[in-house]
Amino acid sequence: MSVVDTTLQERLTRRIEGLRNAGELKPGRPSVETETLRNYHARARADGFVFDADEPVSKVGGTGRAPRPLRYFLAGFAFCLQAQYVRNAVRMGIDLDELAVDVDGEIDRRGGLGLREAPADFERIGYTTTLRTDASEERVRDLVDAAESRCYVHGTLSAALPLDGTTVLNGSPL
């Protein structure tokens, strides 16, 4: 059973045509507003949604009431990549029976604590995209290329550090 709604093709086509015919295409301006509630516990608002971030109780001042901020960063990457997989699978006529993106990273904790000269950053970010589909390997490779090249977060991160991506197709590495 496909994880993509069959009506998405028509809606996506209308949206792309509308943008193509708009003449001037203004840049997108995603934004998030945040506030600190207490210590590390913070709240964000975006697109009518509210979500919190916090540090675990084991950290000085954390309450463990919400995921840690870097988890949202990694999830943002996964969500953006998944959206591009869906969008491009629809455009290419590929039915997806399964789509999952798992992301992990490695950081040098000294950076966040001010214990090294270099700024805090990720040393590595890896991800595994799992797909189940009847499409050929060649078509799936084209889908992978399209999704990765059209994902804003993938493009931004890959300009800053090497990304270690793996694709699993129907249970086997592609």
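**Reading salt bridges, strands and surface**

Guide: At 41% relative accessibility, glutamate 123 counts as partly exposed. The model is predicted. Buried means under 20% relative accessible area and exposed means over 50%, so a value in between is called partly exposed.

Visitor: Which residue forms a salt bridge with glutamate 123?

Guide: The partner is arginine 116, with the closest N and O atoms 3.2 Å apart. Arginine 116 has a relative accessibility of 19% and therefore counts as buried.

Visitor: How many salt bridges does the structure hold?

Guide: There are 12 salt bridges in the structure. One of them is formed by the side chains of arginine 132 and glutamate 98, at 3.4 Å from N to O. Arginine 132 belongs to strand 5 (residues 122-132) and glutamate 98 to strand 4 (residues 98-107), so this pair ties together parts that are 34 residues apart in sequence.

Visitor: Which residue forms a salt bridge with arginine 124?

Guide: Arginine 124 is bridged to aspartate 104, and their closest N and O atoms are 2.3 Å apart. This pair links distant parts of the chain, since arginine 124 is in strand 5 and aspartate 104 in strand 4, 20 residues apart. Relative accessibility is 27% for arginine 124, which counts as partly exposed, and 38% for aspartate 104, which also counts as partly exposed.

Visitor: With which side chain does histidine 41 make a polar contact?

Guide: The side chain of histidine 41 makes a polar contact with that of aspartate 52, at 2.9 Å. Not counting residues up to four places away in sequence, histidine 41 touches Thr36, Asp52, Ala53, Asp54, Thr63 and Arg65.

Visitor: How many bridges join strand 2 to strand 3?

Guide: Five bridges join strand 2 to strand 3 (residues 49-53), and the two run antiparallel. Within this pairing, alanine 44 stands opposite phenylalanine 51 of strand 3. The hairpin has two residues between the strands, and aspartate 47 takes a positive phi near 55° there.

Visitor: Where is arginine 68 found?

Guide: Arginine 68 is in the loop between strand 3 and helix 2. Its relative accessible area of 26% makes arginine 68 partly exposed. Arginine 68 and aspartate 54 are 14 residues apart in sequence, yet their C-alpha atoms are 5.1 Å apart in space. Neighbours within four places in sequence left aside, arginine 68 is in contact with Asp54, Glu55, Pro56 and Lys59.

Visitor: Which residues form a nonpolar patch on the surface?

Guide: Leu70, Phe73 and Ile107 form this patch, and together they have about 240 Å² of accessible area. Phenylalanine 73 lies in helix 2 (residues 69-92) and is partly exposed, with a relative accessible area of 39%.

How values were computed
Residues numbered from 1 in each chain as written. Predicted model: local features only at pLDDT ≥ 70, side-chain atom pairs only at ≥ 80, totals over all residues. Heavy atoms only, no water. Polar contact = N/O pair within 3.5 Å; in protein donor to acceptor, adjacent residues only side chain to side chain. Contact = heavy atoms within 4.5 Å. Pairing = 2+ DSSP bridges. Helix = DSSP H or I, 4+ residues; strand = E, 2+ residues; numbered from the N terminus. Patch = residues over 30% accessible without salt bridge, like charges linked within 9 Å, V, L, I, M, F, W, Y side chains within 5 Å. Areas by Shrake-Rupley, 256 points an atom, 1.4 Å probe, with all protein chains shown as cover. Salt bridge = Lys/Arg side-chain N within 4 Å of Asp/Glu carboxyl O. Buried < 20%, exposed > 50% of the residue type's maximum accessible area, 1.4 Å probe, protein only.
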